[in-house]
Amino acid sequence: MKQLLSKEKTGAFYRRRKIDVEPVFGFLKAILGFTRLPVRGKEQVKNELGFDLLVVNLRKLTVSQRETTRKKEINRKKERISLFFIQVMILSFFVFRTYVPNSFKYISV
């Protein structure tokens, strides 16, 4: 086994496995609490594991959708704040004539 693992091709496979496969099962066990399967037999275990992995994928999908919705909401808030400050600058320029940007200094008011 040590000889097999010391080969470059096998080592690359196992390094990739640690990144691709094992975190999913760790997530199933630690976060979702799937420590044992309540069924016996290859076909039933295959079906049960399929449902469990479906749960993980649906959870990832809903979390990613929530994050994109939150990012859109944050961008909307930033746009509102920017528009507010633009309105304040315009108001101060036309009403109070106090704000004059550097690019407009050569224009006589």
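Predicted model: local features only at pLDDT ≥ 70, side-chain atom pairs only at ≥ 80, totals over all residues.

Colleague: OK, back to Asp52. Buried or exposed?

Modeller: Asp52 counts as buried because its relative accessible area is 5%. The cut-offs are under 20% for buried, over 50% for exposed and partly exposed in between, with a 1.4 Å probe and protein chains only.

Colleague: And what does Asp52 touch?

Modeller: Leaving out residues up to four places away in sequence, Asp52 touches Leu28, Phe34 and Leu37. A contact means heavy atoms within 4.5 Å.

Colleague: How much of the chain is buried?

Modeller: Buried residues are 6% of the 109 residues in the protein chain. The chain exposes about 10300 Å², and carbon and sulfur atoms supply 61% of that. Those areas come from the Shrake-Rupley method with a 1.4 Å probe; for residues, only the protein chains shown count as cover.

Colleague: What's the overall layout, then?

Modeller: Along the sequence the pattern is α-α-α-α, with 4 helices and 0 strands. Of the contacts with a separation of 6 or more, 34% are between residues 24 or more positions apart.

Colleague: Switching topic: what's the mean pLDDT of the chain?

Modeller: The mean is 77, and 85% of the residues reach 70 or more. That's the predictor's confidence in each residue, from 0 to 100.

Colleague: How many salt bridges do you get?

Modeller: The count is 1 salt bridge, where the rule is a side-chain nitrogen of Lys or Arg within 4 Å of a carboxyl oxygen of Asp or Glu. The side chains of Glu73 and Lys77 form it, at 3.8 Å from N to O. Both sit in helix 4, 4 residues apart, about one turn of the helix.

Colleague: Why do Glu73 and Lys77 count as partly exposed?

Modeller: Glu73 does because its relative accessibility is 41%, and Lys77 because its value is 44%.

Colleague: How many aromatic pairs are there?

Modeller: The structure holds 1 aromatic pair. Phe84 and Phe85 make an edge-to-face pair, 5.6 Å centre to centre with 65° between the planes. Rings of Phe, Tyr and Trp (its six-membered ring) pair if their centres lie within 6.5 Å; planes under 30 degrees apart are stacked, over 60 edge-to-face and the rest tilted. Phe84 counts as partly exposed at 49%, and so does Phe85 at 48%.

Colleague: Which residues make the nonpolar surface patch?

Modeller: Met1, Leu4, Leu5, Phe13 and Tyr14 make it, at about 540 Å². Patch residues have over 30% relative accessible area and no salt bridge; like charges are joined within 9 Å, nonpolar side chains (Val, Leu, Ile, Met, Phe, Trp, Tyr) within 5 Å. Helix 1 (2-6) and helix 2 each give at least two residues to the patch. Leu4, for one, is in helix 1 and is partly exposed at 46%.

Colleague: Last one: where does Thr10 sit?

Modeller: Thr10 is in helix 2 (residues 8-20). Thr10 is buried because its relative accessible area is 17%. Not counting residues up to four places away in sequence, Thr10 touches Leu4 and Leu5.

Definitions and conventions:
Residues numbered from 1 in each chain as written. Heavy atoms only, no water.
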